[in-house]
Amino acid sequence: MLGSMPGEPGGCTVEEYLETFFHRTQLLLGEERMRALAGKTVAVAGCGGVGGATAITLARLGVGGFVLADPGIFDPPDANRQWAATRATMGRNKAEVHAAILRAVNPTVRLRVHPEGVTAANLDALLDGADLLIDCLDISVPLDLRGRVYRRAQERGLYAV
């Protein structure tokens, strides 16, 4: 047993929570595909409005692992367009905030976080073990780094979107 969920009525276990949580998706996809999703890892480069929302949606779908990278912190202009930007998250790193949200959605999620964002130095670490790369990098990311990200993904046989 993984234990009870804190604050859950009836003290349901993590297994009971996940069984109920994924019930409708499993009806749609079937057990085999749900197991496949649970074994996948998605690298999310940029955890702002698009990247963060995508990661949360994929976690709710059943994807079991994420590598999150974003050097940004939430600031007031983010609040009207980024799901995780709240008064409570102002000044906090976007990748770390989304990691906490993913863990709250699925307590068994596998996470690696790069609060320094995507850099030439951590590119291989970002892609290690990933099955898919989602590019949600900010427009301010230099084009040469973005190109390098795609080349490295291609060299590794990863799909990048």
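This report walks through the fold, the sheet, the cores and a few single residues of the chain shown above.

## About the model

The structure is a predicted model, in which local features need pLDDT of at least 70, side-chain atom pairs count only at pLDDT 80 or more, and totals for chains, interfaces and linings use all residues. Residues are numbered from 1 along each chain as its sequence is written, and side-chain values use heavy atoms, with hydrogens and water left out.

## Overall fold

Let's begin with the whole chain. It holds 7 helices and 5 strands, where helices (H or I, at least four residues) and strands (E, at least two) are DSSP runs numbered from the N terminus. Along the sequence they follow the pattern α-α-α-β-α-β-α-β-α-β-α-β. The radius of gyration, taken over C-alpha atoms, is 16 Å, close to the 15 Å of the globule rule for 161 residues, so the chain is as compact as a globular protein of that length. That rule is 2.2 Å times the number of residues to the power 0.38.

The C-alpha trace spans about 50 × 40 × 25 Å along its principal axes. Of the 161 residues, 43% count as buried, meaning under 20% relative accessible area; exposed means over 50%, and partly exposed lies in between (1.4 Å probe, protein chains only). Of the contacts (heavy atoms within 4.5 Å) with a separation of 6 or more, 60% are between residues 24 or more positions apart.

## The sheet and its helices

The 5 strands make an open, parallel sheet in the order β3-β2-β1-β4-β5, with two strands counted as paired if DSSP finds at least two bridges between them. The edges belong to β3 (110-114) and β5 (159-160); each has a single partner strand, so one side of each is left without a neighbour in the sheet. Strand β4 (residues 132-135) runs parallel to β5 and is joined to it by 2 bridges. L133 has A160 in β5 as its bridge partner.

Helix α7 (residues 143-155) packs on the sheet against β4 and β5, and its direction makes about 165° with that of β4. Helix α5 (residues 94-105) lies across β2 (65-69) and β3, at about 170° to β3. For these angles, axes are lines fitted to C-alpha atoms, for helices over the stretch in contact, and angles run from 0 to 180 degrees between N-to-C directions.

## Nonpolar cores

A nonpolar core here is a set of buried Ala, Val, Leu, Ile, Met, Phe, Trp, Tyr and Cys residues joined through side-chain atoms within 4.5 Å. The largest has 23 residues, and V42, V44, F66, L68 and L102 have the most contacts inside it. Two or more residues each come from β1 (41-45), α4 (49-61), β2 and α5, with α5 giving the most, 6 residues.

L68 touches a list of residues beyond four places away in sequence, including V44, A55, L102 and V113. A second, separate core of 16 residues includes A69, L127, A130 and V149.

Is D78 buried or exposed? D78 sits in the loop between β2 and α5, and it is buried, with a relative accessible area of 3%. Leaving out residues up to four places away in sequence, D78 touches I73, A85 and K94.

R35, in helix α3 (residues 31-38), counts as exposed at 55% relative accessibility. R35 and V63 are 28 residues apart in sequence and 9.0 Å apart in space, C-alpha to C-alpha.
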